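Welcome! Please take a moment to look over the sequence and the structure, and then we can walk through some of the features together.

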Amino acid sequence: MGTAPDRPPLVLLLAGAGYGQQAPLLWWSSDIATAAGCEVVAPTWVVDAAADADPTAFVEAAVDAALAGRTPDLVVAKSFGCFALPWAVRNAVPGVWLTPVLTNDAVAAALRAAPSTHVAIGGTDDTMWRPDRVSGTAAILQAVDRADPRLEVAGDWRASQRLQAEVLGVVEARVRALVVQVHRR
């Protein structure tokens with residue numbers, strides 16, 4: 001039997017450009033992690049011209065500032081926050097990547113190189129969900145039929161709720177596995 005960890009598992013929660021921490025997927029992801037006993041770090045940002053010019057550098061700087069030298073055990077990121085994918089792969093931090101911007105070369109290259117500890121989920125009606133750009137990846141790719149960039153089905157709130165519950169089930173499974181792993185250390 002393992003001993004109690006020195007610290008609770010640390011989950012890094014990263015917002016999208018127009019999809020903040022209060023939006024459903026991130027709100028519930030934070031709640032899932034907190035209920036499991038994790039510490040959640042959720043930096044906020046304003047995506048301005050400088051952030052648009054070099055989103056990977058912008059997100060990595062925000063992540064470094066928010067973590068203050070700590071390393072998270074898991075990243076849950078939405079769209080713009082997925083510009084942290086190169087950082088996560090370099091630092092061997094697993095992630096759940098909600099609607100990653102696969103039209104961006106750095107994000108696509110990082111996901112192609114990502115191991116199976118990463119899950120990327122995108123909607124088939126999202127023009128930035130381009131799984132063809134990450135063929136050969138060991139990461140788990142999940143396409144959500146008819147879902148848009150918010151992982152919602154246009155004009156069908158019931159279908160949107162059902163599919164978001166399934167997506168949050170993936171987050172919950174990753175958080176539970178993390179908690180078990182940390183408690184075994």
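## Two helices side by side

In this predicted model, helix H1 (residues 24–35) packs against H6 at an angle of about 30 degrees, and their axes are 10 Å apart. Angles under 35 degrees count as roughly parallel, so H1 and H6 are roughly parallel to each other. The crossing of H1 past H6 is right-handed.

Which residues make this meeting? From H1 come Pro-24, Leu-25, Trp-28, Ser-29, Ile-32 and Ala-33, while H6 brings Gln-164, Val-167, Leu-168, Val-171, Glu-172 and Val-175. By type, the residues of this contact between H1 and H6 divide into nine nonpolar, two polar and one charged.

## The largest nonpolar core

The largest nonpolar core has 62 residues, and among these Leu-14 and Trp-97 touch the most other members. Helix H6 (residues 157–184) gives the most to this core, with 10 residues.

Most residues other than glycine have a negative phi.

Ala-68 has a phi near 50 degrees. Ala-68 is placed in the loop between helix H3 (55–67) and strand E3 (74–78). Is Ala-68 buried or exposed? Its relative accessibility is 65%, and exposed means over 50%, so Ala-68 counts as exposed.

Leu-151 is the other one to look at, with a positive phi of about 55 degrees although it is not a glycine. The loop that holds Leu-151 runs between strand E6 (140–144) and H6. With a relative accessibility of 0%, Leu-151 counts as buried.

Beyond its neighbours within four places in sequence, Ser-160 is in contact with Leu-151, Glu-152 and Val-153. Its relative accessible area is 7%, and buried means under 20%, so Ser-160 is buried.

Finally, have a look at Ala-113, which has its place in helix H5 (residues 105–113). Ala-113 counts as exposed, at 54% relative accessibility. In sequence, Ala-113 and Ala-139 are 26 residues apart, and in space they are 8.2 Å apart from C-alpha to C-alpha.

Note on methods. Residues are numbered from 1 along each chain as its sequence is written. This is a predicted model: local features need pLDDT of at least 70, side-chain atom pairs count only at pLDDT 80 or more; totals for chains, interfaces and linings use all residues. Side-chain values use heavy atoms; hydrogens and water are left out. A nonpolar core is a set of buried Ala, Val, Leu, Ile, Met, Phe, Trp, Tyr and Cys residues joined through side-chain atoms within 4.5 Å. Buried means under 20% relative accessible area, exposed over 50%, partly exposed in between (1.4 Å probe, protein chains only). Helices (H or I, at least four residues) and strands (E, at least two) are DSSP runs, numbered from the N terminus. Axes are lines fitted to C-alpha atoms, for helices over the stretch in contact, and angles run from 0 to 180 degrees between N-to-C directions. Angles under 35 degrees count as roughly parallel, over 145 as roughly antiparallel, 65 to 115 as roughly perpendicular and the rest as oblique. A crossing is left-handed if the near helix is turned anticlockwise from the far one by less than a right angle, and right-handed if clockwise. Contact means heavy atoms within 4.5 Å. Ala, Val, Leu, Ile, Met, Phe, Trp, Tyr, Cys and Pro count as nonpolar, Asp, Glu, Lys and Arg as charged, and the others, Gly among them, as polar.
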